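Hi,

Here is the structure I said I'd pass along.

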Amino acid sequence: MQAAPVRATAIPSFTDALRAVESLLMSSGQRTARRNAWTSVLEDRRRAKDRVEAQQVLEQSFTGRL
């Protein structure tokens, strides 16, 4: 009679499976959050550049009148 084969890896519990799914979802959410944050940074930089350019144009127009 042969002994039953022994598994090398344990079968994950339901809780372990839920944690694995949660970690996958959270990492995806973190990637989305980072992407959104970087997009906001780039948009803020663009607006700051536009403000500086508009300020320079206004200053040049005022100095031209004096």
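Let's start in helix H1, where Glu-43 and Arg-47 sit four residues apart, so about one helical turn separates them. That pair forms a salt bridge, with the closest N and O atoms 3.6 Å apart. Keep in mind that this is a predicted model.

Glu-43 has another partner too: its side chain meets that of Arg-46 in a salt bridge, at 2.5 Å from N to O. Here the spacing is three residues, which again puts about one turn of helix H1 (residues 14-65) between the two.

Arg-46 in turn reaches Asp-50, and their side chains make a salt bridge with an N to O distance of 2.7 Å. Both lie in helix H1, four residues apart, or about one turn of the helix. Put together, salt bridges with shared partners link Glu-43, Asp-44, Arg-46, Arg-47 and Asp-50 into one network. The structure holds four salt bridges.

Arg-46 counts as partly exposed at 41%, Arg-47 is partly exposed at 38%, and Asp-50 falls into the partly exposed class with 36%.

As for the whole protein, you'll find one helix and zero strands. Buried residues make up 0% of its 66 residues. The accessible surface comes to about 6600 Å², and carbon and sulfur atoms account for 60% of that.

Cheers

How values were computed: Residues numbered from 1 in each chain as written. Predicted model: local features only at pLDDT ≥ 70, side-chain atom pairs only at ≥ 80, totals over all residues. Heavy atoms only, no water. Buried < 20%, exposed > 50% of the residue type's maximum accessible area, 1.4 Å probe, protein only. Areas by Shrake-Rupley, 256 points an atom, 1.4 Å probe, with all protein chains shown as cover.
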